[in-house]
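Please consider the structure shown below. The paragraphs that follow discuss its salt bridges and its helix contacts.

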Amino acid sequence: MSAPPAAARAKRLVAGLKRLYPDACCELRHGNALELLIATILSAQCTDQRVNTVTPLLFARYKTVADFARADPAQLEELIRPTGFFRNKSKSIIGLAGALLEKHGGHVPDSMDALVALPGVGRKTANVLLSVWFHRPAIPVDTHVQRLAGRLELTTETDPVKIEMALQKVFPESDWSFASTALIWHGRRVCFARNPQCAECALRADCRFPNRR
C-alpha cells in the first residue's frame with residue numbers, strides 16, 4: 001500500500017528540515033525538569049527570548065520545588081511580570097509546586113496523565129517535558145506548529161490536540177520530537193505569521209501557500 005499523500009510530503013519535509021536545522025532544539029534555557037516545566041509555562045503568549053531574560057534571576061531565587069511552593073505571590077509576580085499574564089502564571093507555578101510536593105515527592109512526573117493533572121499544565125507543556133527532558137516521542141503543538149501544519153497541508157485540523165493526533169499519523173514516531181521542534185524553528189525564522197519569506201523558503205517545493213487553490 002502506498003503512503004498517503006500527507007505522509008509522503010511529511011517524509012520529504014522532515015528530510016528538508018534536517019538539512020536546514022540539524023541542531024534544532026528547545027530554546028528555553030533550563031538545567032532540570034522543574035526549570036523546563038516553569039519556563040514552558042512562562043512561554044505561553046510570550047517569546048522564548050523574553051522568558052530567557054527572566055529565568056536566570058527567577059531560578060537563582062527559587063531553586064527547589066519547595067521554594068516555589070512557598071513563594072510569596074506578589075514577589076513571584078514581579079519577577080515574571082515581563083512574560084505577561086503574570087498573575088495567572090504565578091498562581092499556576094505555586095499550585096503545581098504544591099502538587100509536585102504532595103503527589104510526586106517533589107519530582108516532575110514523566111507521564112502525560114500526571115503532567116496534565118498539574119495546575120497550569122496542558123498537553124503542549126506536557127509534550128515539551130516528555131520530548132525535551134524525558135526524551136520520549138512527542139509533538140508539542142504551539143502556534144508555529146499549528147500554523148505550519150496548515151500551510152504545509154499536513155492536516156486540515158485547527159484544534160491543537162487534533163493537530164497533534166494528525167501529525168502523529170503522518171510523521172514516523174522516531175521523528176515526532178525533531179519535526180515539531182524544527183517546525184517551530186522554521187516558523188520563527190522563515191514562515192512568519194505575517195509576511196512569510198516564501199521566496200527564501202527551502203521547503204517551498206512542498207508548499208502551495210500562499211497560492212493555494
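Is E78 buried, partly exposed or exposed? At 48% relative accessibility, E78 counts as partly exposed, where buried means under 20% relative accessible area, exposed over 50% and partly exposed in between (1.4 Å probe, protein chains only). The model is predicted, so local features need pLDDT of at least 70 and side-chain atom pairs count only at pLDDT 80 or more, while totals for chains, interfaces and linings use all residues. Residues are numbered from 1 along each chain as its sequence is written, and side-chain values use heavy atoms, with hydrogens and water left out.

E78 forms a salt bridge with R81 (3.2 Å, N to O); the term denotes a side-chain nitrogen of Lys or Arg within 4 Å of a carboxyl oxygen of Asp or Glu. By this rule there are ten salt bridges. One of them joins D206 to R12, with the closest N and O atoms 2.6 Å apart. D206 lies in the segment after α11 and R12 in helix α1 (residues 5–20), so this pair ties together parts that are 194 residues apart in sequence. D206 is buried, at 17% relative accessible area, whereas R12 is partly exposed, at 46%.

Helices here are DSSP runs (H or I, at least four residues), numbered from the N terminus. The axes of α3 (residues 48–61) and α5 (residues 73–80), lines fitted to C-alpha atoms over the stretch in contact, come within 9 Å and cross at roughly 150°. That angle makes α3 roughly antiparallel to α5, a term for angles over 145 degrees on a scale from 0 to 180 between N-to-C directions.

How values were computed. Helices (H or I, at least four residues) and strands (E, at least two) are DSSP runs, numbered from the N terminus. Angles under 35 degrees count as roughly parallel, over 145 as roughly antiparallel, 65 to 115 as roughly perpendicular and the rest as oblique.
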